[in-house]
Amino acid sequence: MTAHLLEMQGDPSRAQARLQPRDAATIMLVDRRDGKRRVLVGKRGSDHAFMPNLYVFPGGRRDRSDSRQPFLHDLDPTVLAKLSNELRGANALVRARALAIAAIRELAEETGLVIGRREIAGNRSPRLHADLSSLRYVARAITPPGYVRRFDTRFFLTFTDETDIDPTAVTDSPELHDLRWLDMDDLSGLNMPGITKTILEEVKAQMMQDPTLPFGASLPFYYSRRGQHIREII
């Protein structure tokens with residue numbers, strides 16, 4: 001399930017206003033061949049209750065099973081530290097890794113692209129072993145009150161050349177269709193949520209300073225407080 005954020009739709013009901021955001025993760029997969037920068041997006045179906053017919057990054061809510069999934073390589077220590085400091089508590093490290101695993105799992109489910117490998121054991125379905133090592137943590141955003149669903153979403157980013165992904169191997173899914181590699185310097189042609197465009201602009205600005213996007217860089221955090229939209233650097 002793809003989860004993306006931050007624009008109000010109508011007047012919130014009391015139930016919607018009390019709705020607590022759920023942990024979610026999304027992934028910005030960037031192809032930088034030929035000196036150009038293209039990011040993978042897809043269109044949500046018209047039957048989705050949350051942000052139908054909009055182009056978004058692959059991603060979705062964190063499932064309980066994500067904390068029990070195996071992984072090939074861990075997150076960069078600076079990324080793991082930043083996430084676990086936000087999450088706090090005895091299981092902060094487990095939740096931090098689970099968010100990264102959720103982003104990679106959703107990418108595989110929605111696009112067919114795998115960061116890591118799938119392994120088959122006996123008659124079981126293939127099991128994803130995610131490689132977390134190339135993931136940068138680039139943004140966080142919490143859906144404001146007023147939506148039928150709310151998410152506390154962490155935005156991860158990696159490059160196709162760091163993951164051995166073939167950009168031509170993407171396949172549509174029931175969750176995302178019309179998958180395409182969007183030129184990051186031309187965002188005018190697609191109907192995208194405001195937060196998606198905002199995060200893209202943030203990442204472009206970071207890449208202007210350092211195209212490699214260092215793992216430990218500061219990042220923007222978007223949330224609402226008393227009806228005001230706030231941007232904070234964390």
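Two strands pair if DSSP finds at least two bridges between them. Strands (E, at least two residues) and helices (H or I, at least four) are DSSP runs, numbered from the N terminus. In this protein chain they come to 4 helices and 12 strands.

This is a predicted model, in which local features need pLDDT of at least 70, side-chain atom pairs count only at pLDDT 80 or more, and totals for chains, interfaces and linings use all residues. Residues are numbered from 1 along each chain as its sequence is written, and side-chain values use heavy atoms, with hydrogens and water left out.

**The whole chain**

- The protein chain has 234 residues, and 50% of them are buried. Buried means under 20% relative accessible area, exposed means over 50%, and partly exposed lies in between (1.4 Å probe, protein chains only).
- Contact means heavy atoms within 4.5 Å. Of the contacts with a separation of 6 or more, 70% join residues 24 or more positions apart.
- The accessible surface is about 11200 Å². Carbon and sulfur atoms account for 46% of that surface. The areas come from the Shrake-Rupley method with a 1.4 Å probe; for residues, only the protein chains shown count as cover.

**Helix H3**

- H3 covers residues 92–111, which is 20 residues. Its first and last C-alpha atoms lie 29 Å apart, close to the 28 Å expected at 1.5 Å a residue. The expected span is 1.5 Å times one less than the number of residues.
- In H3, 16 of the 20 residues are buried, so this helix is largely enclosed by the rest of the structure.

**Nonpolar cores**

- A nonpolar core is a set of buried Ala, Val, Leu, Ile, Met, Phe, Trp, Tyr and Cys residues joined through side-chain atoms within 4.5 Å.
- The largest one has 33 residues. Leu-75, Ile-104, Leu-107 and Phe-156 have the most contacts inside it.
- At least two residues of this core come from each of strand E1 (22–31), helix H2 (77–87), H3, strand E7 (127–131) and strand E10 (176–183). H3 gives the largest share, 10 residues.
- Beyond its neighbours within four places in sequence, Leu-107 touches several residues, including Ile-27, Leu-40, Pro-58 and Ile-165.
- Another core, of 24 residues, lies apart from the largest one. Among its members are Leu-157, Phe-159, Met-207 and Tyr-222.

**Helix H2**

- The buried residues of H2 are Val-79, Leu-80, Leu-83, Ser-84 and Leu-87. They span an arc of only 120° around the axis, which puts them on the same side of H2. The arc is that of the directions from the helix axis to the C-beta atoms.
- An α-helix has 3.6 residues a turn, so residues three or four places apart point the same way.
- Pro-77 and Asn-85 are exposed, on the face of H2 turned away from its buried side.
- Cover for the buried residues of H2 includes E1, H3, strand E8 (136–142) and strand E9 (151–159).
- Arg-88 follows H2 and has a positive phi, near 55°.

**Strand E8 and its partners**

- In E8, 7 of the 7 residues are buried, so this strand is largely enclosed by the rest of the structure.
- E8 pairs with E9 in the antiparallel sense, over 6 bridges. Here Ile-142 stands opposite Asp-152 in E9.
- E8 runs parallel to strand E11 (residues 220–225), and 2 bridges join them. Arg-140 has Phe-221 in E11 as its bridge partner.
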